[in-house]
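Keep the viewer open as you read, and turn the model as each part comes up.

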Amino acid sequence: MATENERLPEGLGAVFARLIAATGPISIAHYMAEANARYYTSRDPLGAAGDFVTAPEISQMFGELIGLWLADIWQRAGSPDGVCYVELGPGRGTLARDALRAARQGGLAPEVHFVETSPALTALQRAAHPGAIWHHDLSSLPSDRPLLVVANEFLDALPVRQMVRTAGGWRERMVGLGENGTLVPVAGSRPMDAAVPARLARAGEGAIIETSPAAATAVQEVAARLAAQGGAALFIDYGYAEPQLGSTLQAVRAHRKVDVFTDPGEADLTALVDFGTLAGVAESAGARWLGTSGQGAWLAALGIGARAAALARAAPHAAESIEAAALRLTAPAEMGTLFKVMGLAAPSWPNGAGLIRASQVTVAG
Ligand code: SAH
């Protein structure tokens with residue numbers, strides 16, 4: 001097997017190294033955006049044989065409960081006609097398959113729209129959902145009908161920007177060249193003190209502030225659509241409820257954490273999602289923030305226990321694996337607490353099941 005260094009010459013790492021040698025360090029946001037664009041374009045990263053496993057790939061229960069949530073809020077909003085199901089970054093189309101099947105049982109059979117940039121994953125989605133309509137970004141989505149928007153592990157893949165506190169003040173955190181042409185994090189040369197919020201400006205040397213302008217833009221666009229057209233949205237991701245200091249950027253390959261700056265484009269780069277900030281962004285754009293709950297608490301409130309029991313009765317030979325999947329999705333030590341579910345809706349739409357706006361509930365598992 002080739003080592004990382006042997007593979008670099010043909011890869012994005014070599015392209016970055018040439019660019020940096022010619023024009024200087026590039027921002028973390030530039031690095032992450034290009035690395036993930038390369039990463040997702042060429043492969044299906046999901047599943048045991050890939051790099052990581054997501055909730056809809058663990059169990060059909062995850063998508064089904066999302067479909068029930070959507071059908072429930074849609075019914076209580078008066079079952080408006082012509083509503084669209086919109087999924088951002090639908091992966092293999094598994095979540096949509098399970099959610100739409102469950103939604104149909106609640107009388108909801110929406111037109112299906114996918115926002116996806118990866119040709120490899122679009123091909124898989126097309127096989128699973130031949131009638132869907134694809135978009136490269138949110139701008140071309142229908143503008144005259146209510147939208148039911150779902151995004152699971154989408155925001156975490158969008159590029160983050162980082163500032164680092166140096167002895168000389170705040171600088172953008174960038175990627176430069178180390179010894180032997182390796183890629184290493186460096187502080188930019190331009191003072192960035194004016195870009196740092198006053199309450200964080202005094203953080204100690206070495207402190208890092210991470211923001212995701214791209215995630216904020218995506219949530220802002222969805223929120224503005226909900227306010228103008230009606231509808232509701234669920235953003236599910238791993239993240240934190242209150243802003244914090246430090247880099248959360250990580251690279252995962254073959255189910256293991258690897259170095260962020262080695263072999264860009266060959267590992268999945270993600271960062272924790274700042275749900276507190278995004279709820280504020282959504283409200284400023286005119287949507288209603290319905291609450292942000294731990295994934296475990298939310299799935300429990302929607303009845304994952306009863307659904308697991310029903311599936312196990314129907315397939316007794318699989319009872320153990322169904323129970324294990326439910327635990328993986330909900331246990332605090334697994335995906336139950338770190339993963340969060342943020343609900344948004346149009347101002348005139350009702351509350352969403354399982355979501356409570358109190359801040360102490362926000363962080364509960
Ligand atoms: N939601 C799926 C897949 C998560 S992986 C699941 O839960 O299994 C991230 C998804 O977002 C992939 O489908 C990827 O191709 C897509 N994606 C990443 N960056 C994107 C971008 N900038 N615009 C649209 N889709 C993007």
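## A three-stranded sheet

Three strands form an open sheet in the order E12-E11-E13, with antiparallel pairing. Its edge strands are E12 (256–258) and E13 (268–270), each of which pairs on one side only. From one strand to the next, the twist averages 40°. Strand E11 (residues 250–253) runs antiparallel to E12 and is joined to it by three bridges.

Strands (E, at least two residues) and helices (H or I, at least four residues) are DSSP runs numbered from the N terminus, and two strands pair if DSSP finds at least two bridges between them. Angles run from 0 to 180 degrees between N-to-C directions, with axes fitted as lines to C-alpha atoms, for helices over the stretch in contact.

## How to read the model

This is a predicted model, in which local features need pLDDT of at least 70 and side-chain atom pairs count only at pLDDT 80 or more, while totals for chains, interfaces and linings use all residues. Residues are numbered from 1 along each chain as its sequence is written, and side-chain values use heavy atoms, leaving out hydrogens and water.

## The largest pocket

The largest pocket has a volume of about 750 Å³. Its lining has 37 residues, and Gly89, Thr117, Phe154, Ala157 and Leu158 lie nearest the centre. Helices H3 (28–41), H4 (55–58), H6 (94–105) and H8 (213–229) are the elements that give two or more residues to this lining; H3 provides the largest share, with six residues. By class, the lining has 19 nonpolar, 11 polar and seven charged residues.

A pocket is an open set of points on a 1 Å grid over the protein atoms alone, where a 1.4 Å probe fits, with protein on both sides within 12 Å along at least five of seven lines; lining residues have an atom within 4 Å of a point. Volume is the space filled by probe spheres set on the points, which are joined across faces, edges and corners.

## Around the ligand

A polar side-chain atom of Asn152 lies 2.8 Å from an oxygen atom of the ligand.

Terms used:
Ala, Val, Leu, Ile, Met, Phe, Trp, Tyr, Cys and Pro count as nonpolar, Asp, Glu, Lys and Arg as charged, and the others, Gly among them, as polar. A polar contact is a pair of N or O atoms within 3.5 Å; within protein, one must be able to donate a hydrogen and the other to accept it, and residues adjacent in sequence count only if both atoms are side-chain atoms.
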